[in-house]
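Thanks, everyone; please bring up the sequence and the coordinates on your own screens, and I will talk through a few local features before turning to the chains and their contacts.

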Amino acid sequence: MDYAAVVGVEIFYAVAVLVLISAGLAVIFGMMRVINLAHGEFLTLGGYAAIVSHQAGVNIYLAMLVVAPLVVAVFGVLVERLIIRWLYGRLINTMLATWGLSLAMMGAMTMIFGNTTTGIATPIAGFTFGRYQLSGYNLFVILMAIVVAVGLYLALKTTRAGLIARGAMQNAEMTSAFGYSPSRVYLITFAAGSALAGLAGGVMAPLVGLNPASGANYIAKAFITVIAGGASVVSGALASAGLFGVISQTFTLLTTPAVGEIALLVVAIILLRLLPTGITGRFFKGRV
Amino acid sequence: MKLNRRTLLKGAAASAASIAMPQVVMGADNIKVGSIIDTSGIFDLYGKPMDKAVTLAIEEINESGGLLGRQLEKIDYDTQSDMALYTQYAKKLTRSDKVDVVHGGILSASREAIRPTLRKSKTLYFYNVQYEGGVCDRNIFCTGITPAQQAEVLVPETMERWGKKIYTLAADYNYGHITAKWIQHYAKENGGEVVQTDFFPLDVADFGATIAKIQDAAPDMIMSALVGGAHLSFYRQWAAAGMNKKIPMASTTMGVGNEHVVLTREEGDGIMMVYSYSKELDTPENKAFLSKWDARFGNSDDLHELAVATYQGMHLWAEGVRKADSIDREKVIEALESGVSFDAPTGKISLDAKTHHAVTSVHLIEVGDQKMNVVKSFGERQPVDTQGVCDLEANPDDNQQYEISI
Amino acid sequence: MFARDVLPALIIGVPAMFVLPMLFDAYTLTVLTAYALLALSLGFIWGFAGILCFGQAAFFGLGAYSFAIAALNMGSAWGPFFIAILVPAVFAAVFGALLFYGRLSDVYLAVVTLVMTLILFKFMNSSAGEIYKLGDARLGGYNGIPGFETLTIPWDPGEYLYDESLFYFAFGLLVLVYILLRVLLKMPFGRALVGIRENEQRAELMGYDIRLMKTIAFSIGAAIAGLAGCLFANWAEIVTPALFSLGQSAEIIIWVIVGGAGTLLGPVVGAAILGYTKFLLGQQSLIDNTFVLGVILILAVLLLPQGIFPSLVRLWHWLLARLPSAAPLRRRSGRSRRDKDV
């Protein structure tokens, strides 16, 4: 019974990680039809921001939850102004440009931080559950994923800014006729997506050994989760993160991590073959 | 780096007197030492200190008058962590540079990529890295430690301390699979058992499910043969769950990439391993070596097992040339087989004629305060894994890497 | 057709084959030729059939692995040479049929091909165990497969193709494949393919089976990529899972987009120039290699969305100021329709 609970927590945790690492990408894709292939490096940048600032004496929660998102958001603003804004409406071109950005960031981080692995210890101690030991930090990650999902849903659904954002995405001309600049809306949306990526990077930092190439571990999973989820930001990401998280973790527990990862990818191919526009393209059309 | 190297060497030769560097004279008379190591790309953490070790050894030998009255000349290529470049540079070293010996290779893949080329061109090859064992080829000398040399000591020592039920975690490639077998072998031999062995591809960084599985199996100890940056996450997540207080851990791989420095004290303390080298070794040879290294490169922060093995490989080869009184490949091999030894930083090291592998000292080490503290030393361990499958005295034409079956 | 398509390729190609080895190392040229062939394969399916495959590296790796495995089992290298072309082609035909008959396109196609590459990469990486064995060949996992037979001169099995002879062989194949593709594009099949790229619906209403045609084009591209992989395996004498990596896939796309999609020569030029740049960058440690490649890709997308080669052609035409606008260089695949309901 205890073991079942432990396994349950691990599965929730796997889903939570997928939600966290794909939230930023989902916002940018769902709202702007832009796929940011440098998303993995945005996460890595968030991780470095958290680690460096923590090592410089900043409180660890401040470093993870404030500094990391801020740094990446500012970086995102630069990227949007310099690269993305010239390519709106050209999905493939933005993918290629951000792929270039991904390589450039990886190279730049290698030059700055060196090709070594670094990290910080987790701030939350483990605790005993029955005869098992559980990571307190994993529960924190689950909590953060819930906060992000609920926050995002409320922001889009209930706030004025969310309304304007959704409006601008559906009809840019109409929005500007109401006096809101679509260009600014895009900028803010991209910055928000970047901040979410930074937050995820910061939260994940204590769990991993971070190096400049770490982004590659995230991007494929985030990318697949978002595309399989389809156009609806929150429900899409939640649905596919739930599906993939359960499948990969179950296979990992039953067999090996390699099989777990391959199972996730195979399910992704089958899913896209059956539902070419993603889960929400079919089932939850028009939801947030 | 070819152009730079030539111009640099020439510059160095020209200004040798003024900056008191060992004199390097360019010319046909030099003994050419080829070196191919990844000094950039994802393996540069391992390769850069190894390259320094080659440089240091060559400078030492040249300072003491060279070999056979001739100076050594280093010809090196950076393989950029790209396996395909190994074959190319090996061909270059043998065909156009015509070197007398090649030292190098880090991953087993890189060694297997260049071994045939060097054998065909009759160029003596030294592979100076801890690896999975089993290579049987008269043209190669392997001076790094192999799994049996580690597991033979580590498994019984830790089982005696912690208990008989072992859970093994290993990197999912050649080294990990073979090391896992040896752990199982020595566990059984000492009356223990391996309850489960899990393999992880090198890019797996999430160990949550595994930690749950381990708890369900409730072993007395963990044996880790995890490798690389992503696997570092395991130690971190293990400690985050508080497991490091409950189940002790030993490793055959931790520390080679200086993992014990990246991990915090709480995360790393208490992990045990067996290596041939630790910076904390309290011997005159090691003290002298460290001070030479510091004097030459500023500090020894990046120094690790593989760099020391490379340094020792260079010196063993030099001993062989001295004993053979020739640079001829056949004579050097015979001299090396007849038994040469070197009083190395790790302790006395010699070569086994049957397998061309190193007979070396190993040390039981416990991580404490981000240092590799030596608990106990064991002299002259034979490469018993390779000895079980390879006998070059009986079959000098053997040429393969045996998969050791236990 | 001969005068316009075959002759120029021969006039430039044959002398180049003999001049290049005088200027550069043959071993560098050989790998650049393999890369050029690989770029050509993507250039064909992307630029002319409008299929953006993010996983062309999968076929490259399949070709290389098929060659290595077959060479270890057969002991000679000419049988494996053809197997290395056949295996990726058949795999692509099956996989392509699965996708195109399901009418996947655009970004979803990109994702699925990317995922397929990842699966192969992960599988090869975790195949170190003893059970992963095909005949005499161990897949070897992360360490890859070394020590297989390489190509020999067909009439003299003792004489290996290496260095210059391997380069001549590879370059000859490159010219041959280029000419064959040029001819193919002039034939009804090729013209219909371009028609599909321009407007799928129209082509379909005219009675073309676009699903079948795309599948065939995909398979041809995979065969060429497999050939490139086979040449690479002969050059490197080792195959490793890195051939399937995301980085490798990214590089192919960069070559094509920098060189110019929508042409055949562009990708070849792009691969050669960027491959050589990477080689030069690898010899210094001041600037990170990946950084430079990334910046080149960003700049190429922003400033030269049509690629170096077509831009040069356009400049040439502009200078001549006679032909009003060159061939239809606009890439349809580069634009996606914006879905209204998003």
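Predicted model: local features only at pLDDT ≥ 70, side-chain atom pairs only at ≥ 80, totals over all residues.

In the loop of chain B that runs between helix H8 (208-217) and strand S9 (221-225) you will find B:Ala218, and its phi is near 45 degrees, which is a positive value in a residue other than glycine. Is B:Ala218 buried or partly exposed? With 13 other C-beta atoms within 10 Å, B:Ala218 is partly exposed, since a residue has to have 20 or more such neighbours to be called buried.

C:Glu237 sits in the loop between helix H9 (210-236) and strand S6 (238-239) of chain C, and here the count of other C-beta atoms within 10 Å is 24, so C:Glu237 is buried.

Let me go back to chain B, where the secondary structure amounts to 15 helices and 16 strands. Its C-alpha trace spans about 65 × 50 × 40 Å along the principal axes, and for 406 residues a compact globule would have a radius of gyration near 22 Å, so the 21 Å of chain B agrees with that expectation. Of those 406 residues, 59% are buried, and among the contacts in chain B with a separation of 6 or more, 71% are between residues 24 or more positions apart.

H7(B) is mostly covered, with 13 of its 16 residues buried, and just after H7(B) comes B:Gly191, which takes a positive phi of about 80 degrees.

Now to the contact between chains B and C, to which chain B and chain C give 19 residues each. On the side of chain B that touches chain C, helix H4 (83-95), helix H5 (108-120) and helix H7 (174-189) each supply at least two residues, and the largest share, five residues, comes from H5(B). By residue type, that side of chain B divides into 10 nonpolar, seven polar and two charged.

Chain C also meets chain A, in a contact that takes 38 residues from chain C and 39 residues from chain A. Which elements of chain C give two or more residues to the side that touches chain A? They are helix H5 (106-125), helix H10 (246-259) and helix H12 (289-303) of chain C, and the residues of that side comprise 25 nonpolar, eight polar and five charged.

As for chain C as a whole, it has 13 helices and six strands, and its C-alpha atoms fill a box of roughly 55 × 50 × 45 Å along the principal axes. A compact globule of 342 residues would have a radius of gyration near 20 Å, and chain C, at 20 Å, agrees, while 52% of its residues count as buried.

I will finish with confidence in chain A, where pLDDT averages 88 and 97% of the residues score at least 70. Confidence in chain A is highest in helix H3 (residues 60-82), at 96, and lowest in helix H12 (residues 279-282), at a mean of 72.

Note on methods:
Residues numbered from 1 in each chain as written. Chains lettered and ligands numbered in written order. Contact = placed C-beta atoms within 7 Å. Helix = DSSP H or I, 4+ residues; strand = E, 2+ residues; numbered from the N terminus. Nonpolar A, V, L, I, M, F, W, Y, C, P; charged D, E, K, R; others polar. Rg over C-alpha atoms; globule rule 2.2 N^0.38 Å. Buried ≥ 20, exposed ≤ 12 C-beta atoms within 10 Å, placed from the backbone. pLDDT = per-residue confidence, 0-100.
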